[in-house]
Amino acid sequence: MKTKNIMIVGVGGQGTLLASKLLGKLLLTKGYDVKVSEVHGMSQRGGSVVTYVRYGEKVYSPIIDKGEADFILSFEMLEAARWTEYLAKDGMILTNTQQVNPMPVITGAAEYPEELEKKIADLGIKLDAFDALALAEQAGSSKAVNIVLLGRLSKYFDFTMDEWMQAIETSVPPKFLEMNKKAFLLGRE
Amino acid sequence: MKSLMLGNEAVARGLYEAGCGFVSSYPGTPSTEITETIAKYKEVYAEWAPNEKVAMEAAFGASLSGTRSFCGMKHVGLNVAADPLFTISYTGVNAGMIIAVADDPGMHSSQNEQDSRHYAIAAKLPMLEPADSAEAKEFTMLAYEISEKFDAPVLIKMCTRVAHSQSIVESGERNEIEAKKYEKCIEKYVMMPGMAKRRHPIIEERTKKLIEFAETSSVNRVEAGKDKSMGIITSSTCYQYVKEVFGDKYPVLKLGMINPMPVEKIKRFAAEVEKVVIVEELDGIIEAHCNNIGVEVKGKEIFGCIGEFSQNIIAEKLGAEVDEGARLNENVPARPPVMCAGCPHRGLFYTLKKNKLNVMGDIGCYTLGAVAPLAAIDSTICMGASVSGLHGFNKAGNMADKTVAVIGDSTFMHSGVTGLINVAYNESNSTVIILDNSITGMTGHQQNPTTGFNLKGDPATKIDLESLCRAVGIKRVRVVDPYNLKECDDVIKEEVAAEEPSVVISRRPCALLKYVKHPGPITAKSDKCVGCKACMKIGCPAISIVNGKATIDNTLCTGCGVCTQLCKFGVLGAKEEN
């Protein structure tokens, strides 16, 4: 099979790393060759962050380049807009519609672009945009946005519910397990 | 058992399985997780040292005593440890010794993108360069064998994309190694001129033997390709990009050992192909070697020596097709990293900016004090340079009443204290501000000598910063709470005005530490807001102006209260106040 590529993008502190680790674990149990690439350090401090998950028979590069992503899982609207060129021709963006203002917007040096959903869709990109933050809060914590998004992503994969739940169990602390399971199901609905 | 591991975790696993017994490191992105991971194995002693030089010397001492040892650092850390590096190359080791150095091409989290491979050549030491996590483990275990066989510390060179990428690793059992006997050997271990002169030829002979090893070892392997119009020599993560683009189209010589490099193996490879292209990030190290041995190659004239590579870069430069996705025709604002909401550094930097001070900066989260709107830092060079630089600035210039240094607690212990000794000893009228947030922040919360805990999480001797500063000769030592803007302002005004050296300790634990309890988000009475934007001067990500009025992001605000001290209209305040 051709190597499949999932890009996870967001704002430092939103929990993108956990999402990529969880996906990596799940794909490993399915017998794929897997590479997951992260960036640590300074960019994590509220900056634009991106992690790459690649899987297939044999994966070489640890990173996803422009035109390669089958899915972009975005935690924030502006970040979805930032990475469109990384999407493959038949790729798809799943995004949280939440807006987190970057510092240049906060200081007034730049403006948060309007109607990003429409502009992305106008490029002919398949887009699934929804309020993952609201669903996470409904599940019990705004921190569960990552699991809500994974729930939505799961609709596009033929892994069983059991397999997803197992991956969640091995990735989140036991005391938050029920809340995260709920978040996953809300995202998947 | 097969599992996904970061390259750094795989190095740690290799150390564990190879019977490593002693680890001393200083954290630095992208190297930190090696030591954090090895610390989880109870069989291995592991510690954070105050800096990389201390770590390397400690690891050498452990090797001398007969225990397999390790130290890890980022590329710029190797500059700090370069002094012992060059001389332990001469002494060699007793038990095996490994030094991991992690480069950061593209500077994801670094102040320069120096190429550490130069150090292996300059110090005449073997260097292995893994290309994924499986190799990171395998090469680490091999490195101990090389170290003991050739009597040399061995460098493992990581880079961000190997260190911070997870790939599949097969774990094995730990191989308990019996400690080697320590024998006194003045000729080998006392590097004074008479002895060192006899050691240098031994080192040159060692390099010749290492070249023989490089000729035959499977770490340097040729992968066949049908199209002989081009052969590619590469290493590390670049190998992955090359294979991603070309698969097995062209023959590839993958170098796992970057110093010393083979000679005959490269010549034979070159003879089989029409032309040779070198794919390597940063400097032309492999290229220079090929030039030296008379093999004609192309490398840096195609790829340049700046930043990270990727599969598309390799494809474009070598004429393969690249199909990019659609770009949004829109100005997408950048999202630079920022100080977190509730960060204790914010109030302090606001005070420095307000007083229009020149600020000598240093390495840590607080380097973000240079970013707008605070923009409060004038220089950042390397660990410790704030304090020593301030001394020179004040001695030579005439701005001591307008200039301060800022340095974190961990960075101060790393190499700030020596600069402070210079301030006291040579008497510059300098004000040094220690930003004591009780942790090593930027690299992800590591303990250090001022925190009272060691790497394993056990209670440890806590260096008292006030006593230390007084002990080196600073008479004026003050402590402020950076959440209290008036206190900060008063004390800093007094200390820059004072006609003698002084230290201000700005003390408040990192807002991200789990034990820190926050009061919770403040509220904004938007009806009272006149839109003066005084609260926007501190660059807090939790505050925005919406429709001309200040608003608070409840998911980010910790309730630190710094902004409430700036609001003159009673808009921003704790919940109960409003």
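This is a predicted model: local features need pLDDT of at least 70, side-chain atom pairs count only at pLDDT 80 or more; totals for chains, interfaces and linings use all residues.
Residues are numbered from 1 along each chain as its sequence is written, while chains are lettered from A and ligands numbered from 1 in the order in which they are written.

**Chain B overall**

- Chain B has 20 helices and 23 strands; these are DSSP runs numbered from the N terminus, with helices being H or I of at least four residues and strands E of at least two.
- A compact globule of 578 residues would have a radius of gyration near 25 Å, and chain B agrees with that at 27 Å (taken over C-alpha atoms; the rule is 2.2 Å times the number of residues to the power 0.38).
- Its C-alpha trace spans about 80 × 65 × 50 Å along the principal axes.
- Some 54% of the 578 residues in chain B count as buried, meaning 20 or more other C-beta atoms lie within 10 Å of a residue's own, with C-beta atoms placed from the backbone.

**Where B meets A**

- On this side, 49 residues of chain B are in contact with 51 residues of chain A (C-beta atoms, placed from the backbone, within 7 Å).
- Helix 11 (236-246) is among the elements of chain B that each supply at least two residues here, as are strand 8 (165-170) and helix 15 (311-317).
- Helix 11 of chain B gives the most, with five residues.
- Two bridges join strand 2 (residues 33-37) of chain A to strand 8 of chain B, and the two run antiparallel; strands pair if DSSP finds at least two bridges between them.
- Within that pairing, A:Val36 stands opposite B:Gln166.

**The cores**

- The largest nonpolar core holds 163 residues, and A:Met7, A:Ile72, A:Leu149, B:Ile156 and B:Val242 touch the most other members. Such a core is a set of buried Ala, Val, Leu, Ile, Met, Phe, Trp, Tyr and Cys residues joined through C-beta atoms within 7 Å.
- Apart from that one lies another core, of 66 residues, including B:Val338 and B:Cys557.
- Beyond its neighbours within four places in sequence, B:Val242 is in contact with B:Ile232, B:Thr234, B:Val252, B:Val279 and B:Ile314.

**A spot in chain A**

- A:Leu22 sits in helix 1 (residues 16-29) of chain A, and A:Leu22 is buried because 22 other C-beta atoms lie within 10 Å.
- Not counting residues up to four places away in sequence, A:Leu22 touches A:Leu150, A:Ala167, A:Ile168 and A:Ser171.

Definitions and conventions:
A residue is buried if 20 or more other C-beta atoms lie within 10 Å of its own, exposed if 12 or fewer, and partly exposed in between; C-beta atoms are placed from the backbone. Two residues are in contact if their C-beta atoms, placed from the backbone, lie within 7 Å.
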